[in-house]
Amino acid sequence: MKHTCSLQFIACILIVGLFLQSCSGFANTPLNGIEEHYKQLDIQPILDKEFIAEGGHLVSFYQEQEKLKATVHLNYLDEKDKIYDEVNVVVEKGVELSSLAKLDRKMQQKRIQIRFAEEQKGKPKSVVVHKPWLVGGGKEVIAFYGTPGVGKSTLCNSIFQKAVFKSGVSVRTRMTTEKQEYQHEGKLYIDTPGLQDMQMLQQAAAEIKEALKRNKNYRVVFVATLGSGRIQYTDLVTINTIRSAISTPFEYGLVFNKVTKGVRKNIKQTGLNNYMILFNKRPCATVIINKDNEIEDEGNVYLESSNKSRKRLIQFLENLNINEPEPKDSIIFCGNPGVGKSTLCNSIFGRKIFESGVSIRTGMTTKKQEYLYEGKIYIDTPGLADSNTRTETGKQIEEALKKNGNYKIVFVITLKAGRLRPEDIDTIHTVCETIKIPFEYGLVINKISEGVRNQISQKGLSSYLESFKKIPYATVILSMDEEIEDEDNRYFEMNSQNRQSLINFLDQLRSNQIRSSDIERLETVDYKIRAFQMEQERRRIQEENRRIEEEHRRRVAELNARISRLRAEQDDGGCTLF
């Protein structure tokens, strides 16, 4: 069916497109296909049962006035936990709640997500229950997007070789009014409603963005038509608007559907470049599907299995790039035993995740630990200064930096009698040496007494920072908290100044994109040898400084003597030149 629209409608779409392209994203837009629809759900299997949501929070569901509600138990393993009742529940269409009760706790965390209110930090806004495909259960997903009438449903049915999705002519409305899904040969195909207004464009952008974060096998296909050999304005605006609204880098494929012989002949002569330059980002692959007059304007028909266009479509989908999930930011804490890395991490989480406290002769953290919190992976690494575990620790830090992602690198140190400790300087230098690309890191000076803090305030930080070969991008000073010092599994209070300073510091710290190829083997020379070498270097620098100071004093004394002689001769009426 040839798709036409009035000039007024085109103008509206263009205005919407310009508006949306000026936006950076739609973080507050609900996902398409997710809604509250409790009357159609069998909620009995999950009532009065406990589940684990993303972040390790406890959730239990109950029914109130024919609505599904939740009680959210934040930080339930900790005595500082908080319980919130009457939290709204959002369930994606098609979720089988009976299967949720059969999942282990690890899978429950992938399916159940807590959204927090922006205006009241830490308070749950809603509990969202996702379908397995959205959270990336390993299933390959192929999602079709486009304006009404471009033939998305017919293309899908052509792949299935049966009329799974309703297709054909629809007057004044879309044939597909809600998202449809079907599994075929191990893949999940999604047919979406025609995108024809701002709300639907927002929902599509939000859905793709969320899917890219959670599913490593997600393929995006836009379908467009060429009326009179030209790209339809509505198709162009739809693709550019959605593509611009998603900040996450992703690839997409483009299907030019219902192309006549004349237009196809013209494309062969002139090429596709004249069309491609109209897109903000060019598709990674394009396929042309011929117009089939036998099925045009017919209901629930599709291309036959032997049709050349169908074969091209299947080959196009097989060669279409899979979008890797958006890499999560990793915040890696490095430092020596006893500086408080685990305690700082637990302070951020507001609960005990990593073991912390006093450990005799060795560090409390003996192996790399990771925890996902509010969309970021926090990595707590063992201390390098422990000679018994230094080699293994080096391997674990090296491994932590080889995740091919975005890193915020944090070194934690303490001061001894107001002075930097050589082992801390050595650890920072050693780890920095293994990263072979330009990067930034942050420095936490932890457990600082009031007297030392006053000393730093008077002298400034420069006298400390100049000891490092690479100066930190940002530095934060955290005061000694006597109530948690030398106590097991204690951490800063949620409303403490130390915790707030730490969080602000991490927010401002620059992120580094590091690939495994950017990391070299971490040198784990025994600390005593490094300490001896550093002491020798320190003495050499001190001797050099002493020599420079003596030379400076000698030159000053010589100049003063010349000035004195000059003044004496002037008083005698003479004149002597230097």
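Arg-421 and Asp-424 are both buried, meaning under 20% relative accessible area, with exposed over 50% and partly exposed in between (1.4 Å probe, protein chains only). The two form a salt bridge, closest N and O atoms 3.0 Å apart. The rule: a side-chain nitrogen of Lys or Arg within 4 Å of a carboxyl oxygen of Asp or Glu.

Some ground rules. This is a predicted model, where local features need pLDDT of at least 70, side-chain atom pairs count only at pLDDT 80 or more, and totals for chains, interfaces and linings use all residues. Residues are numbered from 1 along each chain as its sequence is written, and side-chain values use heavy atoms, without hydrogens and water.

How many salt bridges does the rule give? The count is 16. Glu-398 and Lys-402 make one of them, at 3.1 Å, N to O. Glu-398 is buried at 15% relative accessibility; Lys-402 is partly exposed at 33%. Glu-251 and Lys-281 also pair, at 3.9 Å. They are 30 residues apart and link distant parts of the chain. Glu-551, Arg-554, Glu-558 and Arg-562 form a network.

Now helices, which are DSSP runs (H or I, at least four residues), numbered from the N terminus. The axes of α10 (residues 341-349) and α15 (residues 497-508) come within 10 Å and cross at roughly 90 degrees. Axes are lines fitted to C-alpha atoms over the stretch in contact, and angles run from 0 to 180 degrees between N-to-C directions. So the pair is roughly perpendicular, a label covering 65 to 115 degrees. Contact means heavy atoms within 4.5 Å. On α10, Leu-344, Ser-347 and Ile-348 make it; on α15, Arg-499, Leu-502 and Leu-506.

Last, α6: 11 of its 13 residues are buried.

Note on methods. Helix = DSSP H or I, 4+ residues; strand = E, 2+ residues; numbered from the N terminus. Parallel < 35°, antiparallel > 145°, perpendicular 65-115°, else oblique.
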